[in-house]
Amino acid sequence: MQIIKFHFCLLAFFIISLSNAQSKRYVIHTAAFYNFENLFDINDDPSINDDEWTPNGAQHWTKEKYEQKLKNLSRVISEIGTPENSNAPTLIGCSEVENRGVLEDLIKQEKIAPYDYGIIHFDSPDQRGIDVALLYQKKYFRPTSYANIPLLIYKNKPILQEDKNEDLGDVEIKIDTKNRVFTRDQLLVTGFLDNEEIHIIVNHWPSRSGGEKASSPFREAAGRLNRKIIDSLQQINPMAKVITMGDLNDGPFNKSIKTELGAKAKKAEVPEFGVYNPFEEMAERGMGTLAFRDSWDIFDQIIMTKSFIEPDFSSFKFWKAGIFNRPYLIQTSGKYKGYPLRNTLTEAGFSDHFPVYVYLIREIK
């Protein structure tokens, strides 16, 4: 325990060598997102469709597999962002979690228990019962408010540019439950990172079930909702620092992100109140967070408002981004060699997605 405390003391500052060879000291925090891929407990919940994730279900999901999955995920979490930051992520957005209980089991794992993570989680209306959540180190982040904002999309009904998601206030909204496509809510968390206010939106946008083109309007609606949440925060504070992260089920070039959310790949092109996506440039270089039919894409992204990319480091700003794809996370043989090492019928893997992360830094005066 003394070693862990010593490491925390070291993390109070960080040295970055600037291009002019002048050294300055910075506080550094890692913010990450990780799709946990079917983090289910072994118990049957009659309110959701989780039958396959039970000992007698199709996945033969046993206590031993569940416990190994927790160990695997905790190892990854403990290492995301290293070596630049030897501390585990301060903020971790996550998706594909069944309930709060699996997160409570996760944060008790030996590798991450010392970081004392808090949990912000809501049950979503997703029919598989998978939710999004935010884990945060209590030592560095103090949440002040949080809300789950529903994405209202419907089958057999055109999705209009001006849809019901536009109104985020207290106006009563009539929901057509018969035709509604039940998907994950968008989780909005506001809090103080080392006494500086930031906002985090955790997402898991609608899947490509039924085909990319046919399902695209649902993700476009998710992008619009995301944009409206950001707009509402910027109306209160034009310099609001907002990070939106998640498995968007679209790549950086898709309409949901480029048009509806309005993300830009280059800092110089981000307009006032705009958002910057550092993962678009990685996609251009052929990098990926998941693979399908030997084609890589970056569905997992962390996007931020212009206020995070201003040149003054007197407050927290974006430094750089990355995909955490260590060799132990990669399948080494068989049909899916080179893919993320996911669950199988015989073993609990890690995930079919690689996690992503960004560094936030602030100069120490």
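This is a predicted model: local features need pLDDT of at least 70, side-chain atom pairs count only at pLDDT 80 or more; totals for chains, interfaces and linings use all residues.
1. R75 sits over the face of Y328, 3.5 Å from the ring centre.

2. On confidence, the average pLDDT of the chain is 90, and 88% of the residues score at least 70. Residues 1-21 have a pLDDT below 50, and beyond near neighbours in sequence this stretch has 35 contacts in the model. Residues 169-173 also have a pLDDT below 50; beyond near neighbours in sequence, that stretch has three contacts in the model.

3. As for the overall make-up, the chain contains six helices and 16 strands. Of its 365 residues, 54% are buried. Among the contacts in the chain with a separation of 6 or more, 72% are between residues 24 or more positions apart.

4. Aromatic rings come next. A pair of aromatic rings is described by two things, the distance of the centres and the angle of the planes. Searching the whole structure gives 14 aromatic pairs. In one of them, the ring centres of Y26 and F313 are 5.9 Å apart and the planes stand at 90°, so this pair is edge-to-face. The pair links distant parts of the chain, since Y26 belongs to strand β2 (residues 23-39) while F313 is in the loop between β14 (300-305) and β15 (317-323), 287 residues apart.

5. Are the two partners of that pair buried or exposed? Y26 has a relative accessible area of 4%, which is under the 20% limit, so Y26 is buried. F313 has a relative accessible area of 23%, which falls between 20% and 50%, so F313 is partly exposed.

6. Another edge-to-face pair is formed by Y357 and Y359, with 5.4 Å centre to centre and 65° between the planes. Both of these tyrosines are buried. Elsewhere, ring pairs join W296, Y336, Y339 and F354 into a cluster.

7. G57 can be looked at on its own. This glycine lies in the loop between β2 and α2 (63-79). Its relative accessibility is 12%, under the 20% limit, so G57 counts as buried. Which residues does G57 touch, not counting those up to four places away in sequence? The contacts of G57 are with D51 and E52. The C-alpha atom of G57 is 9.6 Å from that of D44, a residue 13 places away along the chain.

8. The largest cavity holds about 40 Å³ of space. Its lining consists of F122, D123, S124, V132, N148, D185 and L187.

9. The largest pocket has a volume of about 1,400 Å³. Its lining is made of 43 residues, and E96, S207, R208, S209 and N249 are the ones that lie nearest its centre. Several elements contribute to this lining: β2, α4 (212-236), β12 (290-292) and β13 (295-297) each supply at least two residues. Strand β2 is also where Y26 of the edge-to-face pair with F313 is found.

Definitions and conventions: Residues are numbered from 1 along each chain as its sequence is written. Side-chain values use heavy atoms; hydrogens and water are left out. Rings of Phe, Tyr and Trp (its six-membered ring) pair if their centres lie within 6.5 Å; planes under 30 degrees apart count as stacked, over 60 as edge-to-face and the rest as tilted. Helices (H or I, at least four residues) and strands (E, at least two) are DSSP runs, numbered from the N terminus. Buried means under 20% relative accessible area, exposed over 50%, partly exposed in between (1.4 Å probe, protein chains only). A charge sits over a ring if NZ of Lys or CZ of Arg is within 6 Å of the ring centre and within 35 degrees of the ring normal. Contact means heavy atoms within 4.5 Å. pLDDT is the predictor's confidence in each residue, from 0 to 100. On a 1 Å grid over the protein atoms alone, a cavity is a set of points where a 1.4 Å probe fits but cannot get out, and a pocket is an open set with protein on both sides within 12 Å along at least five of seven lines; lining residues have an atom within 4 Å of a point. Grid points are joined across faces, edges and corners, and a volume is the space filled by probe spheres set on the points.
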